[in-house]
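Student: Hi, could we go through this one together? I'm new to it.
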Amino acid sequence: MKPKSPVGRFILDGGKLGIVTNEISSTNWNNEPFFSWNISYEIKYFDGVCCIMTKPSFERLVDMGRIIFLDGEKK
């Protein structure tokens with residue numbers, strides 16, 4: 001089962017309130033496998049800052065407890 005997407009969810013990131021506004025998918029050509037998918041998230045914070053964060057970085061910060069979902073779900 002695929003984990004729920006964080007898009008549209010409110011977060012606290014090190015005490016900063018934000019919302020995940022977009023999932024950005026892109027591909028890269030490699031020798032093996034011939035291409036790979038990269039997923040990043042766009043996060044807009046309520047202090048006006050916008051951040052693009054890779055999915056592995058986002059998930060690592062959630063696992064560390066640095067990013068907390070405000071609706072109580074973990075992922």
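Tutor: Helices (H or I, at least four residues) and strands (E, at least two) are DSSP runs, numbered from the N terminus. This is a predicted model, in which local features need pLDDT of at least 70, side-chain atom pairs count only at pLDDT 80 or more, and totals for chains, interfaces and linings use all residues. Residues are numbered from 1 along each chain as its sequence is written, and side-chain values use heavy atoms, with hydrogens and water left out.

Student: Okay, where is Thr27 placed?
Tutor: Thr27 lies in strand β2.

Student: And what is Thr27 in contact with, leaving aside its neighbours within four places in sequence?
Tutor: With contact meaning heavy atoms within 4.5 Å, Thr27 touches Phe35, Ser36 and Trp37 once those neighbours are set aside. The C-alpha atoms of Thr27 and Trp37 are 4.6 Å apart, although 10 residues separate the two in sequence.

Student: Why does Thr27 count as partly exposed?
Tutor: Because its relative accessibility is 39%; buried means under 20% relative accessible area, exposed over 50%, and partly exposed in between (1.4 Å probe, protein chains only).

Student: New topic: how many bridges join β2 to β3?
Tutor: Strand β2 (residues 16-29) is joined to strand β3 (residues 35-45) by 11 bridges, and the two run antiparallel; strands pair if DSSP finds at least two bridges between them. Ser26, for instance, has Asn38 in β3 as its bridge partner.

Student: What order do the strands of the open sheet have?
Tutor: The 5 strands follow the order β4-β3-β2-β1-β5, with antiparallel pairing, and the edge strands β4 (50-54) and β5 (67-69) each pair on one side only.
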